[in-house]
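Thanks for coming. Please have the model open.

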Amino acid sequence: MSVKFGVIFILALAAADGFTPYAVSQTSGGAAPLTAHQKLARDIFSELIRINTTLNVGCTKAAEALAARFRAAGFAEKDITLAGPAPQHMNLVIRLRGSGALQPVLFISHLDVVEALPKDWSLDPFTFTERDGYFYGRGTTDMKNEVADLAANIIRLKGEKYVPKRDIILAFTEDEENGDANGVSWLLANKPDLIKAEFCINPDGGGGEIKNGKHQVMEIQTGEKIYSDYGLEVKNKGGHSSLPVKENAIYRLAAALTRVSHYEFPLMFNETTRLFFERSSTIESGQTRADMLAVSRMPVDTAAANRLARTSPYYNAVMRTTCVATMLSGGHAENALPQTARANINCRMHPDDTPENVLATLKSLVDDSLVAVERVYLSVRAPASPLRKDVMSALEDVTGKMWPGVVVTPIMSTGATDGRLLRETGMPVYGMSGMFIDVDDNRAHGKDERLGVREYFEGVEFMYRLMKELASK
């Protein structure tokens, strides 16, 4: 729809559904008046973006800023907990108390962000900037948008004197981006009762997809692949480069890596991935649609699966364990034969695979006694969460009312989130978010990170409705 100068363009849902639209004034380029809830969500978002929460700085300042807002909103001190391993590395846990008819529900979001160098950006990454229908700043999509979303909504519920059937717990954590020494892992080890719940919602793991300007898919993450690193190393006596010999550490390592590169792990499917392909087929056509339906059934059509794998790296990754060389080093001088050559193989293991199988497979592929193969890191192994009817129905209900026609599907993430730490303890975790991202313009961790203004406010409204749905049944 074209917009003429001086006209207010409504960027939201039908007001008949109870959602106050967000408007952008084309005259001023700024926002039309916001509702009190929208203004609060924007203010919190802006405040968080302006606080640097990278690894060397820590997240305490952001946690304290949020705690001050919760105190001002009337939360009791017993329901506001700042806790962590060091003064600059504090987590924040908030509890909205319910009637106790049901066990609590936990929502998690991390406060930390990856580094952003101002010289690499077109604008200051730690200044909240609204421009051309987008919010810019480090963390606008990963994931201070969700922190602000949850914070604003629990304050809204508190102001409405809403009493849920189950306590609503929010855990704002740090260190998700840098190895989990703090955050959810620290809370589980030191303050487990603070985050004890029947199940968890993790906005870092799901959300909506926009393709060609259209809202197409709403994803719920029920599982994650398992991260692991393997080292390949070759040792050699070396020598002078003017007297080369056939036995060369770099060549031997290169040959081993080539053998690994040609291998594809076997196909593996579970409840989540079969349903993902079945539901995703509804927005596809032709051969892709047919192949998706074929792999959603048992037994799996291998030819269809292999065609899908060639179509998309993501489709390939959700169907099997993947291993890829990510780092390489070798030699010690330009005029010397290499004495050592090393490579790192990063594997993302399917939840139904085993570390022992992956290691044995790599050793078999290398097939060289002079190339040492060892596992150097294995992340937490966690089973996929079951597709709970109450959680799925809540997501489908809210999504259907806000975005009619959008396909709701479970997914297995190929990356990693804090959800795996809770799944390991037996707590089901569901990645769910109302923030829609253009699949062709995802700038998380990158230059000029941004989120659509419309998408932000719709996401805030989505989470408000979802919170009430999940806390009432």
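A disulfide here is a pair of cysteine sulfur atoms within 2.5 Å. This is a predicted model, where local features need pLDDT of at least 70 and side-chain atom pairs count only at pLDDT 80 or more, while totals for chains, interfaces and linings use all residues. Residues are numbered from 1 along each chain as its sequence is written, and side-chain values use heavy atoms, with hydrogens and water left out.

Start with Cys59. Its sulfur is 18 Å from the closest cysteine sulfur, which belongs to Cys200, and that is too far for a bond. Cys59 is buried at 1% relative accessibility; buried means under 20% relative accessible area, exposed means over 50%, and partly exposed is in between, with a 1.4 Å probe and protein chains only. Cys200 is in no disulfide either. Cys200 is buried too, with a relative accessible area of 0%.

How many disulfides does the rule give? The count comes to 1 disulfide. Cys323 and Cys347 form it, with their sulfur atoms 2.0 Å apart. The link of Cys323 and Cys347 is right-handed, with 115° about the S-S bond. Cys323 lies in strand β14 and Cys347 in strand β16, so the pair ties together parts that are 24 residues apart in sequence. Helices (H or I, at least four residues) and strands (E, at least two) are DSSP runs, numbered from the N terminus. Both Cys323 and Cys347 are buried.

Now the sheet. It is open and has 4 strands, in the order β14-β16-β12-β17, with antiparallel pairing; two strands pair if DSSP finds at least two bridges between them. Which strands stand at the edges? They are β14 (322-330) and β17 (371-378), each with a single partner strand, so one side of each has no neighbour in the sheet. From one strand to the next the twist averages 20°; axes are lines fitted to C-alpha atoms, for helices over the stretch in contact, and angles run from 0 to 180 degrees between N-to-C directions.

Strands β12 (residues 226-235) and β16 (residues 340-349) pair in the antiparallel sense over 10 bridges. Glu233 stands opposite Arg342 in β16.

Last, the helices. Helix α5 (residues 249-261) packs on the sheet and touches β12, β14, β16 and β17, where contact means heavy atoms within 4.5 Å. The direction of α5 makes about 15° with that of β16. Helix α10 (residues 355-366) also packs on the sheet, touching β12, β14, β16 and β17, and its direction makes about 155° with that of β17.
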